[in-house]
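Biologist: Before we talk about how the terms are applied, could you put the sequence and the model on the screen for me?

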Amino acid sequence: SLAKLVEKREERSDEKGQKAPGKGAEAKGDEKKKPPKVPEAWVCREHPGVRLNEAALNQLLGSFEQIKAADFPDVERAGLGAPQARVRLRAFNKTVELAIFKKEANNRYLCTSSESNYVFSLDAWMAERYFKTIADLKEK
C-alpha cells in the first residue's frame with residue numbers, strides 16, 4: 001500500500017508554553033520568515049526504505065479518472081473468487097476499492113468496485129496498468 005507522507009514541523013516552546021526566543025512570528029525580524037517547505041514523498045508501507053518514482057505514481061493515480069466499464073456482464077459477484085489485483089485509494093475521507101479478477105476470452109477483465117454492487121469488465125489495456133510490483137514503482 002502507498003501513502004503520501006509530509007513531515008510536520010512544530011514550534012518549540014519553553015515549559016510555560018511560551019514560544020522560545022527567536023521562534024515564531026513575534027520574534028524580531030522573523031515576521032516574514034516561514035519554516036522551509038518539506039517535500040512530500042510517496043512511500044510503500046511494505047517497503048519503507050525503497051524510493052519510489054513520483055512520476056510513475058502520479059501517472060498511475062491519474063489513470064483512475066479514465067476508468068470506464070466496457071460492459072456489465074451477467075456474472076454474480078460471489079462467484080468471482082480471489083482477485084488478481086486489488087487497488088485501494090483513500091481520498092476525501094473515503095476509501096474506494098477496485099478489484100480485478102480473471103481475464104475473459106473477449107480480452108476483458110471482470111472487476112468489482114466498492115462504489116457499485118455490479119460486476120463490470122475493463123478492457124485488458126486498462127486493467128493491466130494496475131498489475132504493478134514494487135520494482136515497477138521503484139525510482140531508477
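Predicted model: local features only at pLDDT ≥ 70, side-chain atom pairs only at ≥ 80, totals over all residues.

Biologist: What makes β3 and β4 a pair of strands, and in which direction do they run?

Modeller: Strands pair if DSSP finds at least two bridges between them, and seven bridges join β3 (residues 85-91) to β4 (residues 94-103), so these antiparallel strands count as paired. They form a hairpin with two residues between them, and Phe92 in the turn has a positive phi of about 55°.

Biologist: How do you know that β4 is also paired with β5?

Modeller: Four bridges join β4 to β5 (residues 108-113), again in antiparallel fashion, and Ala99 has Thr112 in β5 as its bridge partner. This hairpin has four residues between the strands, and Asn107 takes a positive phi near 65°.

Biologist: How many helices and strands does the protein have?

Modeller: The protein has three helices and six strands, where helices (H or I, at least four residues) and strands (E, at least two) are DSSP runs numbered from the N terminus. Along the sequence, the pattern reads β-β-α-β-β-β-β-α-α.

Biologist: Why is the contact between Glu139 and Arg51 called a salt bridge?

Modeller: The term requires a side-chain nitrogen of Lys or Arg within 4 Å of a carboxyl oxygen of Asp or Glu, and the N to O distance between Arg51 and Glu139 is 3.7 Å, so the pair qualifies. Glu139 lies in the segment after α3 and Arg51 in the loop between β2 (41-44) and α1 (54-62), so the pair ties together parts that are 88 residues apart in sequence. The structure holds seven salt bridges.

Biologist: Is Arg51 buried or exposed?

Modeller: Buried means under 20% relative accessible area, exposed over 50%, and partly exposed in between (1.4 Å probe, protein chains only); Arg51, at 59%, therefore counts as exposed, whereas Glu139, at 37%, is partly exposed.

Biologist: What makes Lys103 and Glu128 a salt bridge?

Modeller: Their closest N and O atoms are 3.4 Å apart, and the pair links distant parts of the chain, with Lys103 in strand β4 and Glu128 in the loop between α2 and α3, 25 residues apart. Lys103 is partly exposed at 39%, and Glu128 is partly exposed at 34%.

Biologist: How far is Arg129 from the nearest side chain of opposite charge?

Modeller: That side chain is Asp123, 8.8 Å away, and Arg129 is buried yet has no salt bridge; for charge, Lys and Arg count as positive and Asp and Glu as negative, while His and the chain ends are not counted. Arg129 is found in the loop between α2 (124-127) and α3 (134-137).

Biologist: Why is the approach of Arg129 to Gln66 called a polar contact?

Modeller: Their side chains come to 3.5 Å, and the term asks for a pair of N or O atoms within 3.5 Å, where within protein one must be able to donate a hydrogen and the other to accept it, and residues adjacent in sequence count only if both atoms are side-chain atoms. Not counting residues up to four places away in sequence, Arg129 touches Leu60, Ser63 and Gln66, with contact meaning heavy atoms within 4.5 Å.

Definitions and conventions:
Residues numbered from 1 in each chain as written. Heavy atoms only, no water.
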